[in-house]
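Have a look at the structure first, then read on.

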Amino acid sequence: MAEQARPTATSRPISPHMQIYRWPVTMATSIVHRATGLALAAGTLLVAWWLIAIATGPHAYNLFSMVARSLGGQIVLFGFVWSLAFHLFNGLRHLGWDSGFGFEVRTANRTGVGAVALSLLAAIAVFAYAYLEKGVYI
Amino acid sequence: MSAQTPIARVEGLGASHSGTSHFWRQRVSALALVPLSIWFVCMALSLIGAHRYEAIAFLSGPVNAILMALFIIAALHHMVLGVQVVIEDYVHGEGPKIALLVSNQFFAWLVGAACLFALVKIAL
């Protein structure tokens with residue numbers, strides 16, 4: 001009984017396979033919430049760099065500005081702003097759930113799509129304002 | 001020795017021995033960060049392309065300096081709690097887990113001390 005041979009192949013469907021499994025909205029937003037949280041943890045170093053650069057002197061501040069204005073800097077900053085926006089909007093969903101609201105599948109899916117859309121809009125709006133209104137790069 | 005029964009000592013504390021305190025502190029810091037992070041983005045936007053002396057003048061204002069300090073403290077507190085859960089979820093070896101949990105705390109203290117020192121130097 002204990003030595004029963006294990007089937008090497010089976011026609012039964014095995015557990016959801018990553019490549020064919022359609023990610024539910026709530027699962028995707030949950031994973032992205034964590035990912036953006038970790039990204040923002042790294043982003044605290046940018047805030048620290050900015051403050052230290054202001055405190056240190058003109059050369060340190062110019063170096064920070066130069067890096068921030070570069071293409072790589074702009075990409076990192078867009079990632080930072082979008083991560084902050086998504087973590088904020090999706091965090092509001094979490095606070096809602098913690099208060100007992102928004103658990104229905106339809107509602108949870110809608111607010112999830114809403115958090116993704118709003119965060120992208122917010123990040124694009126921030127950069128559009130930076131480029132158009134201020135006329136300068138960050 | 002406590003006169004409490006064993007069940008009274010553990011009731012409501014759960015497997016982590018800290019009850020809901022982690023959960024609660026995560027939510028309170030999240031609530032604080034809703035207005036603070038919006039303020040932070042608006043502040044950063046207003047300082048785009050600013051000279052260093054403009055940034056110093058801005059952060060020297062008492063309201064801005066205090067909001068900046070609150071943002072740093074709330075964000076780093078929220079970060080420690082969040083990253084701690086990620087480590088506890090994915091790192092199972094006792095040694096690496098403890099090492100990462102300690103590093104998480106040290107990282108936050110270091111970044112926090114650096115940010116607050118810089119802020120004090122700017123504002124005073």
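Let's start with Asp89(B), which counts as partly exposed at 37% relative accessibility. This is a predicted model, so keep that in mind as you read on. Asp89(B) forms a salt bridge with Arg34(A), with the closest N and O atoms 2.6 Å apart. That pair crosses between chains, running from helix 4 of chain B to helix 1 of chain A. Arg34(A) is partly exposed too, at a relative accessible area of 26%.

Next up, Arg27(B) and Asp98(A) meet through their side chains in a salt bridge, 2.6 Å from N to O. Arg27(B) sits in helix 2 of chain B and Asp98(A) in helix 3 of chain A, so this pair joins two chains. Arg27(B) is partly exposed at 21%, and Asp98(A) is partly exposed at 34%.

Over all chains, the count comes to three salt bridges:

| Pair | N to O distance |
|---|---|
| Asp89(B) and Arg34(A) | 2.6 Å |
| Arg27(B) and Asp98(A) | 2.6 Å |
| Lys97(B) and Glu94(B) | 3.7 Å |

Lys97(B) and Glu94(B) are three residues apart in helix 5 of chain B, so about one helical turn separates them.

Key
Residues numbered from 1 in each chain as written. Chains lettered and ligands numbered in written order. Predicted model: local features only at pLDDT ≥ 70, side-chain atom pairs only at ≥ 80, totals over all residues. Heavy atoms only, no water. Salt bridge = Lys/Arg side-chain N within 4 Å of Asp/Glu carboxyl O. Helix = DSSP H or I, 4+ residues; strand = E, 2+ residues; numbered from the N terminus. Buried < 20%, exposed > 50% of the residue type's maximum accessible area, 1.4 Å probe, protein only.
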